[in-house]
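Please open the model in your viewer and keep the selection panel at hand. The tour below goes from one selection to the next and says what is there.

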Amino acid sequence: MSLAYTPAHPSAAATGVTAPAGFTAAGVPAGLKSTGKNDVVLVKNLGPQFTAAGVFTSNRVAAAPVHWSRQVLADGRVDAVLLNSGGANACTGAEGFGNTHRSAEYAAELLGVSASDVAVASTGLIGVQLPMDKLLPGMKAAAELMADDQNAADQAAAGIMTTDTVPKLVSRLVGPDGSDQVAIGGMAKGAGMLAPALATMLVVLTTDAVLSKEQADTALRAATAMSFDRADSDGCMSTNDTVLLLASGASGATPDIGEFTAALTDACCELAAKLIEDAEGADHTIAIRTYNAATEADALEVSKAVSRSNLVKTAVFGKDPNWGRVLSEVGTTKAAFEADELNVSINSVMVCKNGGVGEDRNLVSLEERNVVIEIDLNAGSEEATVLTNDLTHDYVHENSAYSS
């Protein structure tokens, strides 16, 4: 069990931000990362429409590019996106915002658009100024390589990775084959500091559908609420979360908005699942499903509470089906339930029944990567699932010296 999604249609051979018509992209190494790997990315919408929507971190300590991009998105138009890894440009003061402004203006000059239509997203270490002497030449090199093929999408997805071990790309087709069909593409990064609202990540989604800015905004918010907002790796909220949706209108087709939103949600669920599967140091991917809840909000609150329990996460790492830790977290929520009516199953073994001892916990195997914890509140018919991962030695080691 996971955030449910349907794999891409077999005919959707292309994937990533250049899969839909009307987009070019590039990713290059500019020296922002010591590894020498790609770290500067440009994505350009070729139109004829330039509709855009975005959602951002709710962290009150937001990065400079988040402040900039919120302003850019105010009129619902984005012509290009500049992204970098190797530096978050967060907690960098006026100089940091000035660097974002300067880089947007340079991207606009390179791509022949207005700086007010260039969104910016950064990821990496907090509290360090971006090396502009490396970033600007990198942008020029990226602009010279802009293309609409699969390699361009792959290089762009690689360029936003930080501690990710694999690039994350997605695509979907919406509608029947023919002139009315539209495409959705996307890429994401994120491996740590992953918590709802949104989760620590950068995501760029593209589509060649004809959408109004209101339709794009509504579809994006619906999709993120069911996907990235339900992916919680370590309970730590980022300063740089950004999810952008760009619509070029290049297909000339206006999709059924319900069908489009469903496909966009499906694509986002796949990206969210890939984020958790690649979480820093993780040995297990854990789906926490709460069902028979009085409301969906109750189910979500319970699943989130359990997903943030370090005791639950360490127990899974140790392959210990310690259901008491699950039950104790359920008890911290305001969800409607009676303590003596709670059931908990781990990998389909009901280890807790009616609030007490159920089946033998030794029947539970936690050898496999995927773990499902199901919590039956016996209070209604609603449900919600949150994805998380275990807490491992490797996670502690990786994050114990991140800035040194």
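Predicted model: local features only at pLDDT ≥ 70, side-chain atom pairs only at ≥ 80, totals over all residues.

The crossing in which α2 passes α3 is right-handed.

Now show the side chains where the two helices touch: on α2 select N99, R102, S103, Y106, A107, L110 and L111, which meet M132, L135, L136, M139, K140 and A143 of α3. Sorted by class, the residues of this contact between α2 and α3 are 9 nonpolar, 2 polar and 2 charged.

To see the whole lining, select L82, L83, N84, T100, S103, V120, A121, S122, L130 and L135. The space they line has a volume of about 40 Å³, and the lining divides into 6 nonpolar and 4 polar residues, with no charged ones.

How many cavities of 30 Å³ or more are there? The count comes to 2, and the largest cavity holds about 60 Å³ of space. To find the largest cavity, select V312, A315, V316, D320, P321, N322, W323, R325, V326, I346 and I373, which line it. The elements that give two or more residues to this lining are α8 (310-317) and α9 (323-330). By class, the lining of the largest cavity consists of 8 nonpolar, 1 polar and 2 charged residues.

For the last stop, select helix α5 (residues 213-225) and helix α6 (residues 257-277), whose axes come within 8 Å and cross at roughly 40°. Are α5 and α6 roughly parallel or oblique to each other? They are oblique, because angles under 35 degrees count as roughly parallel, and α5 passes α6 in a right-handed crossing.

Finally, display the side chains between this pair: Q215, A219, L220, A222 and A223 in α5 are in contact with I257, F260, T261, L264, T265 and C268 in α6. The contact of α5 with α6 comprises 8 nonpolar and 3 polar residues, and no charged residues.

Technical notes:
Residues numbered from 1 in each chain as written. Heavy atoms only, no water. 1 Å grid on protein atoms, 1.4 Å probe; cavity = no way out; pocket = protein on both sides within 12 Å on 5 of 7 lines; lining within 4 Å. Points joined across faces, edges and corners; volume = space filled by probe spheres on them. Helix = DSSP H or I, 4+ residues; strand = E, 2+ residues; numbered from the N terminus. Nonpolar A, V, L, I, M, F, W, Y, C, P; charged D, E, K, R; others polar. Axes fitted to C-alpha atoms, helices over the stretch in contact; angles between N-to-C directions. Parallel < 35°, antiparallel > 145°, perpendicular 65-115°, else oblique. Left-handed = near helix turned anticlockwise from the far one by under 90°. Contact = heavy atoms within 4.5 Å.
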